[in-house]
Amino acid sequence: MTRRAGLRGLSAAVLAVAIFAAHPRALLAAPKILGPNKCSSCHDHEKQGAWSAKDTHAKALQQLEDKKAAGYAKAIGLADPYDLKGTCVSCHATIFNGDANSGVSCESCHGPGSDYVQPHQEKGAYAKALTLGMFDTRGNLPVWAKMCVDCHLLKDAKLIAAGDTSGADFDVGTSSQKIMHWV
């Protein structure tokens, strides 16, 4: 090994250590979605329970079973509305265990919970959970409004032309009042 090659190898190692020191999560596996049962096993409070039982978000996956769904999927170049890389699933499902297993659930809006679920259960640990990947949605209108708009306002002209609702009449302020599920 030449001295130059040895220095390049050393430089790469130093760079990797520097990156890890600055961003320790950079070298770790991406957080995983645990599924709504993991959240609902603790969030059994009246407001959370009522939301998950009644809100159409929890039932969004069922819309992919509608006979129109296949036509929408075809219009945007998908053979199957359940294609995990497709836009149908990105708005209508929570993907965990390698499949679209649930409608829009807790982790769709709060982020994959594998890293923050344990600390999140501790009283007063909201800030810590945020450092572990939980999305900062509490009282943060720009963050959660963007999440709502990203799915409820369609930008795909082919999908709209196929007959899916454009969302032009979607009002994030009015609609969000239906899902305020925290105390």
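Cys148 is buried, with a relative accessible area of 15%, where buried denotes under 20% relative accessible area, exposed over 50% and partly exposed the range in between (1.4 Å probe, protein chains only). The cysteine sulfur closest to that of Cys148 belongs to Cys109 and lies 6.5 Å away, too far for a bond. The structure is a predicted model, in which local features need pLDDT of at least 70 and side-chain atom pairs count only at pLDDT 80 or more, whereas totals for chains, interfaces and linings use all residues. Residues are numbered from 1 along each chain as its sequence is written, and side-chain values use heavy atoms, with hydrogens and water left out.

When a disulfide is taken as a pair of cysteine sulfur atoms within 2.5 Å, the count comes to 1. This disulfide joins Cys91 to Cys151, with an S to S distance of 2.5 Å. The pair links distant parts of the chain, 60 residues apart, with Cys91 in helix H5 (residues 87-92) and Cys151 in helix H9 (residues 141-152); helices (H or I, at least four residues) and strands (E, at least two) are DSSP runs numbered from the N terminus. Because the torsion about the S-S bond of Cys91 and Cys151 is about -90 degrees, the disulfide is left-handed. Cys91 counts as partly exposed at 23% relative accessibility, and Cys151 likewise counts as partly exposed, at 28%. For Cys106, the closest cysteine sulfur is that of Cys39, at 4.0 Å, which is too far for a bond; Cys106 is itself partly exposed, with a relative accessible area of 25%.

Val117, placed in helix H7 (residues 117-120), is buried, with a relative accessible area of 11%. Apart from neighbours within four places in sequence, Val117 is in contact (heavy atoms within 4.5 Å) with Leu34 and Lys38. The C-alpha atoms of Val117 and Gly133, which are 16 residues apart along the chain, are separated by 9.7 Å.

Strands S1 (residues 94-96) and S2 (residues 99-102) run antiparallel and are joined by 3 bridges, pairing of two strands being assigned if DSSP finds at least two bridges between them. Within this arrangement, Thr94 stands opposite Ser102 in S2. The hairpin of S1 and S2 has 2 residues between the strands, and Asn97 takes a positive phi near 55 degrees there.

Arg138 lies over the face of Tyr126, at 3.8 Å from the ring centre, a charge being placed over a ring if NZ of Lys or CZ of Arg is within 6 Å of the ring centre and within 35 degrees of the ring normal.
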